[in-house]
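Trainee: I would like to go through this model with you. Shall we take cavities, pockets and the interface in turn?

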Amino acid sequence: METFAEVLIILVVLTNLKLLGSSRATACIRTVAAQGVLLAALPLVTSGDAITLRMIAQALVSGTLKAFVLPFLLLRATRGARAGRELAPFVGYTTSILLGVALMPLALALGRKLGVTGPAGADLLAPAALFTLLVGLLIIVCRKQAVTLVVGYLAMENGIYAMGLAFAQREPLLVEMGILLDVFAAVFVMGLVARHIHREFDTLDTDRLSSLKG
Amino acid sequence: MSAAAILHLLIAFALAPLMTGVANRVKAGFAGRTGAPVLQPYYDLARLLRKGAVYSTTTTWVFRLGPCLGVAGAAAALVVAPWGGGRATLAFDGDLLFFAAALALARFGTILAALDTGSAFEGMGASREATFAALAEPSLLVGLLALARASGELSLSGIYHALTPGHLAAPGGVAVLLVAAAFGIVFLAENARLPVDDPNTHLELTMIHEAMALDHGGPDLALIHYGAALKFWALGTLVAGFVAPVHDGAWTALAAILGGMFLLSVAVGVAESVMARLRLAKVPNFLAAAFALSVLALLLSAHAKGGS
């Protein structure tokens, strides 16, 4: 079970690198959905035999929301808009991957400093959570397209969720549901904003917003 | 130095061109053609060796040295290359750096020879080869470093001998899989294989490796082809060593690595049939992914060993 948890955590890190390196908005959305599913499955793997009905329900709800509902909303926002690929982000894709490589040891060092041991066999969970947070932040800073920015926000939320898993194995259901509701509302609003940007400027490029004059 | 190690070296020298033939045959099968005979690379080498060489008046001795350096470097790398769990003909602490340096020297010779012709296409090929190699080499070295950290050995043979299926289950063992993936990418890039370079292309603008050999002819071209085949085998042993980690006896290891190399050529043929070449601007992205995998593997193995 410990190796399995480690594999899941490494897959989460790899999805982060994929997010940094891929230029297609739809690919980013699918990757962040896969990341959400991996993280939802993680508590079931690490807790071993002590699986309760509540944990299964929690994993199911968060998995369904992150794998189906949020991607559906985002994919609907990209439809019609020519959001296929982002050609000129603020930071290029290769540079982004290399920045991600530089962030990995930083996250590892920070995660160790925190002294969060995490559940058994998942001592890398805290560093991986920090890495996911940092990657989400990096995407928000260095991309222009509205949908990709939302993907960065979702990656940050995944990082927060993973951090919660590292701190407390059995998070109260209510807290987690509260966070999920926030994210759901936020993605809903951002999807609407993206549609409005698209209708106004005929593009999803948020850089164009700077041409608005008050 | 065992008899099996020397035999592996001899087999590698003899069978290296065959691997290209196998890959080409698989590609032909996918395309619905009969394809050239598996031994075609040998016929090509023999034909080229019978020809005379023509040298442009603008070239110097550097141009003639290039192909020799290419074969010598690849052969030197092959001497320390591990085969499955067996010890290489020469194995010493730090030979992983020697391995990378020998391959770099071979590449340096080819690049210099290409630049020496003064041809625009060859200069372009040389520039691309140097760029992509500079991006691929860190992945190879960091990946080897990760393996060295995980196994506690400093020679290629020792590292690959320490790779056992049980090693995967240990904490940090997943790092080995990441390195295997990174080496796969480096293998494709360094051997000018499909997602990076198309060995079949006849358009100079898209060539990388082939563009550097445009002005070579006769025995020089034969040496370049043979050097490329040796490099394919040397880097191939690094990849096949993950697939076929056999430790009970030198002779089974030899059989395992031969099977592994054969499978690798088939896999290359299949991959080249189903994949398209990456746009040139996308290649650094692909190589950066290999680098990221290697660094992640290094961090994981260092973390598992309790280092900082």
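Trainee: Let us start with the second largest cavity. How many charged residues are in its lining?

Mentor: Keep in mind that this is a predicted model. By class, the lining of the second largest cavity holds 7 nonpolar residues and no polar ones. The charged residues in that lining number 5.

Trainee: Which element gives the most to the lining of the second largest cavity?

Mentor: The space has a volume of about 110 Å³. Two elements of chain B give two or more residues to its lining, α5 (120-151) and α8. The most, 4 residues, comes from α5(B).

Trainee: Now the largest cavity. What is its volume?

Mentor: By the rule used, the count is 6 cavities of 30 Å³ or more. The largest cavity holds about 170 Å³.

Trainee: Which residues lie closest to the centre of the largest cavity?

Mentor: The lining has 13 residues. By class they are 13 nonpolar, with no polar and no charged residues. Closest to the centre are Val13(A), Leu108(A), Leu124(A), Pro127(A) and Leu296(B).

Trainee: Which elements give two or more residues to the lining of the largest cavity?

Mentor: About 170 Å³ of space lies in this cavity. Chain A supplies α1, α4 (93-114) and α5 (125-142). Chain B supplies α11.

Trainee: On to the second largest pocket. Which element gives the most to its lining?

Mentor: The pocket holds about 440 Å³. Both α1 (2-21) of chain A and α11 of chain B supply at least two residues of the lining. The most, 5 residues, comes from α11(B).

Trainee: Which lining residues lie nearest the centre of that pocket?

Mentor: The second largest pocket is lined by 18 residues. They divide into 10 nonpolar, 4 polar and 4 charged. Nearest the centre are Lys18(A), Gly21(A), Ile97(A), Asn285(B) and Ala289(B).

Trainee: What area is buried between chain B and chain A?

Mentor: On the contact count, 23 residues of chain B meet 21 residues of chain A. Carbon and sulfur atoms give 69% of the buried area. The total is about 1,700 Å².

Trainee: How many salt bridges and polar contacts does the rule find across that interface?

Mentor: For polar contact, the rule finds 2 residue pairs, both at pLDDT 80 or more. For salt bridges across the interface, the number is 0.

Trainee: Which element gives the largest share of the side of chain B that touches chain A?

Mentor: At least two residues each come from α7 (165-169), α8 (174-190) and α11 (283-304) of chain B. The largest share, 12 residues, comes from α11(B). By class, that side of chain B has 15 nonpolar, 6 polar and 2 charged residues. The element you asked for is α11(B).

Notes: Residues numbered from 1 in each chain as written. Chains lettered and ligands numbered in written order. Predicted model: local features only at pLDDT ≥ 70, side-chain atom pairs only at ≥ 80, totals over all residues. Heavy atoms only, no water. Contact = heavy atoms within 4.5 Å. Buried area = accessible area lost by both parts, 1.4 Å probe. Salt bridge = Lys/Arg side-chain N within 4 Å of Asp/Glu carboxyl O. Polar contact = N/O pair within 3.5 Å; in protein donor to acceptor, adjacent residues only side chain to side chain. Nonpolar A, V, L, I, M, F, W, Y, C, P; charged D, E, K, R; others polar. 1 Å grid on protein atoms, 1.4 Å probe; cavity = no way out; pocket = protein on both sides within 12 Å on 5 of 7 lines; lining within 4 Å. Points joined across faces, edges and corners; volume = space filled by probe spheres on them.
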